[in-house]
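Colleague: I am new to this structure and would like a close look at a single part, the surroundings of the ligand. Could you take me through that part in one connected account?

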Amino acid sequence: MNMESKTPPSSGNSPAPSIQKVTVVGCGTMGNGIAQVFATCGYQVELVDLSAPALEKAMTTIARNLDRVVAKGSLDQESRDAALARIHTSTSLATAAQHADLVVEAATENRQIKLELFRQLDQLCPPTCILATNTSSISITDIAGATGRPTRVIGMHFMNPVPVMKLVEIIKGYNTDPAVTATIVEVSRHLGKIPVEANDYPGFVANRILMPMINEAVHTLYEGVAGVAEIDTVMKLGMAHPMGPLQLADFIGLDVCLAILRVLHEGFGQPKYAPCPLLVKMVSSGNLGVKTGKGFYAYQAGSKDLVVAPEFSGSL
Ligand SMILES: NC(=O)c1ccc[n+]([C@@H]2O[C@H](COP(=O)([O-])OP(=O)(O)OC[C@H]3O[C@@H](n4cnc5c(N)ncnc54)[C@H](O)[C@@H]3O)[C@@H](O)[C@H]2O)c1
């Protein structure tokens, strides 16, 4: 998938007025893209992660993605250098959060990790700071409850890959102040994105619809109805999806898909959301998709060929 970005039309290298300094927590698949988009649009970005090597890798990824945008002629070299210079990395949450106007948390999809992070962020950030989470499924109201400022907590759900995808799903917690929602809508538009508001129920809109489809695709494979390539081809050519559901699951991360399905299953209490045993087994085995080099497909560094993983390549 194309990881490049265009300079958003609204950027002009000056941030939306009420927000100047943004702290992004977590520099994995989503965090580095979120940092790139904010920095390209003129915001000062503090990118924080527990892992120093992960931060180094994230900066290499961002530099490489910006180089591609320059090569395409969508960004000049000076703007690229300025964007990179606006991103500072740190392994200290206290240092990274102390002056933030906005925090976008993109750490691992785990309820306990997020509750603890928000408890700390509430202590470390200025009282006016808005605390946003990029969670795919965990309740915003629940996360807000870990802070003393539930009116200033909101979901800001970017899509993967962040520099390319236009949508930001904005999720209002039970106590989110409408003025905070309005600010996040404004910031999203300023990033060149299209915000869509949703209320806080498990999976919000995007994953409530997407994850049952991915889970059904895994069941279709598990029951031997068709192979990996066949299932993806049916959905690409028959339903005009740009990517088949199994390839998309690999791209999102099978661990992330499983975590979201568990939130849907628990949150609604309905068996239709129960994760397919094959998905559970693949996550237990460490085959998480693109990020580990193997999921439903096998990935070779530097190759764009889509090769079905050996365990699924035999005949049905
Ligand atoms: N992967 C996707 O396609 C996708 C899409 C939309 C939203 N999301 C959501 O974005 C968030 C991040 O997902 P991801 O796919 O980037 O995960 P990832 O596993 O690629 O990266 C998570 C990062 O968070 C870091 N981290 C964990 N605990 C931390 C802490 N306490 N402080 C600082 N850093 C910490 C990890 O070291 C890691 O670098 C999740 O909430 C996920 O549901 C993911």
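Modeller: In this predicted model, helix H1 provides the largest share of the shell around the ligand, namely three residues. Altogether 26 residues surround the ligand, and the closest are Gly-26, Gly-28, Met-30, Ser-136 and Asn-160. By class, the shell is made up of twelve nonpolar and twelve polar residues, together with two charged ones.

The protein chain is divided into domain 1, covering 21-199, and domain 2, covering 207-311. Because domain 1 and domain 2 both give residues to the shell, the ligand lies between them. The centres of the two domains, taken over C-alpha atoms, are separated by 26 Å, and where the domains are in contact, six residues of domain 1 meet ten residues of domain 2. On the side of domain 1 that touches domain 2, one residue is nonpolar, four are polar and one is charged.

The model also holds an open sheet of eight strands with mixed pairing, in the order S3-S2-S1-S4-S5-S6-S7-S8. Strand S3 (87-90) and strand S8 (194-199) stand at its edges, each with a single partner strand, so one side of each is left without a neighbour in the sheet. Within the sheet, strand S5 (residues 130-133) and strand S6 (residues 153-158) run parallel and are joined by three bridges, with Leu-131 standing opposite Val-153 in S6.

Methods:
Residues are numbered from 1 along each chain as its sequence is written. This is a predicted model: local features need pLDDT of at least 70, side-chain atom pairs count only at pLDDT 80 or more; totals for chains, interfaces and linings use all residues. A residue is near a molecule or strand if its C-beta atom, placed from the backbone, lies within 6 Å of it. Helices (H or I, at least four residues) and strands (E, at least two) are DSSP runs, numbered from the N terminus. Ala, Val, Leu, Ile, Met, Phe, Trp, Tyr, Cys and Pro count as nonpolar, Asp, Glu, Lys and Arg as charged, and the others, Gly among them, as polar. Domain bounds come from an automatic or database domain assignment. Two residues are in contact if their C-beta atoms, placed from the backbone, lie within 7 Å. Two strands pair if DSSP finds at least two bridges between them.
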